Amino acid sequence: MTILINVITFCFKCYFYLLLITIVLSAPSYISDALKPFLRKRRLAKHVKTLAPDENYILRYVSGKEPNAHALEEGSGIKIIEVTQGLLDKMTDDEIVAVLAHEIAHHQLKHLEKYKQSFWMQLFDGIDNNKAAKWLKEKLENPLALQIVLNCLKLPLTPLLMHLSRKHETEADSRAVEILALDEKLFKPEAILSVEQKLKVLSLPAYRTFLDRLLASHPHPSERIKTIEKGIREAIARTKSTFYLRLKSILAPHPHKSISLA
Ligand SMILES: [Zn+2]
């Protein structure tokens with residue numbers, strides 16, 4: 001009986017030590033897996049600083065399956081770049097850097113202010129807040145009926161606002177390439193284009209009809225790719241030209257000093 005108890009105890013001890021060894025050996029991979037998202041976010045924040053060294057941005061991560069990012073402002077001009085979990089899941093670091101450059105471009109070009117202060121947006125907001133709306137609010141007691149009337153008045157303004165939004169998006173795409181081209185390590189043309197290709201696959205169904213395109217906040221994916229390709233070509237040409245200029249200045253024959261033998 002004692003022998004049996006000893007054997008069982010020995011087996012338990014062996015099992016316990018084996019378990020302990022397994023946990024200790026696999027711990028580094030558990031720790032590194034847990035740290036990976038944190039380190040990735042830290043790396044992305046560092047890249048934002050490289051892209052815009054003189055500006056302060058808060059990189060904020062939000063839930064959402066769709067790969068998306070937004071430029072926002074809070075309080076007295078705190079610049080925020082919001083990135084969805086879907087973007088982290090579906091894009092590589094190089095691709096996310098291209099998206100971040102696009103959002104930085106929106107901030108640098110002051111698109112948020114320009115959009116809010118645009119004539120069409122003022123008119124859009126004005127529909128809710130003018131005397132006629134107040135008069136309507138008194139006459140139409142049903143809030144749903146009031147909303148329908150106000151939305152009908154706003155409807156013709158929507159394509160104009162979306163036209164402005166698409167213009168801003170094109171500007172941000174061009175500026176993003178310029179921002180990325182300033183840093184040799186972060187300028188990865190293939191990553192910038194692959195973001196657009198991925199977004200094209202996802203967003204193409206939203207551009208089926210003429211009305212879809214009229215009410216879209218972003219230009220058609222094919223147009224965006226053309227804008228970005230043009231920007232990349234120009235950036236490469238600029239880099240080349242400064243490179244050749246530098247090369248030329250180094251290789252330029254220096255005028256020989258005339259030696260006087262007198
Ligand atoms: Zn944008």
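1. Two residues are taken to be in contact if their C-beta atoms, placed from the backbone, lie within 7 Å. Axes are lines fitted to C-alpha atoms, for helices over the stretch in contact, and angles between N-to-C directions run from 0 to 180 degrees. Helices (H or I, at least four residues) and strands (E, at least two) are DSSP runs, numbered from the N terminus.

2. This is a predicted model, in which local features need pLDDT of at least 70 and side-chain atom pairs count only at pLDDT 80 or more, whereas totals for chains, interfaces and linings use all residues. Residues are numbered from 1 along each chain as its sequence is written.

3. On confidence, pLDDT is the predictor's own value for each residue, from 0 to 100; its mean over the protein chain is 85, and 88% of the residues reach 70 or more. Where pLDDT is low, the predicted coordinates should not be read in detail.

4. The protein chain holds 11 helices and three strands, and from the N terminus on its elements run α-β-β-β-α-α-α-α-α-α-α-α-α-α. Of the contacts with a separation of 6 or more, 62% are between residues 24 or more positions apart. A residue counts as buried if 20 or more other C-beta atoms lie within 10 Å of its own, as exposed if 12 or fewer do, and as partly exposed in between, with C-beta atoms placed from the backbone; buried residues make up 16% of the 262 residues.

5. The three strands form an open sheet of order S1-S3-S2 with mixed pairing, where two strands pair if DSSP finds at least two bridges between them. Strand S1 (57–62) and strand S2 (69–74) are the edge strands, each pairing on one side only, and the twist averages 30 degrees from one strand to the next.

6. S1 pairs with strand S3 (residues 78–84) in the parallel sense over six bridges, and Tyr61 stands opposite Val83 in S3. S2 and S3 run antiparallel and are joined by six bridges, with Leu72 opposite Ile80 in S3. S2 and S3 also form a hairpin with three residues between them, and Gly75 in the turn has a positive phi of about 55 degrees.

7. H3 lies across S2 and S3, running at about 35 degrees to S2. Since 13 of its 16 residues are buried, H3 is largely enclosed by the rest of the structure. The expected span of a helix is 1.5 Å times one less than its number of residues; for H3 this gives 22 Å, which agrees with end C-alpha atoms 22 Å apart.

8. Lys110, in the loop between helix H3 (93–108) and helix H4 (111–117), has a positive phi of about 55 degrees although it is not a glycine. Lys110 is exposed, with 12 other C-beta atoms within 10 Å.

9. Helix H9 (residues 189–203) has 15 residues and reaches 21 Å from its first C-alpha to its last, close to the 21 Å expected. Ile192, Val195, Glu196 and Leu199 in H9 are buried. They cover an arc (that of the directions from the helix axis to the C-beta atoms) of only 90 degrees around the axis, which puts them on the same side of H9. The face turned away from the buried side of H9 carries the exposed residues Glu190, Gln197 and Val201.
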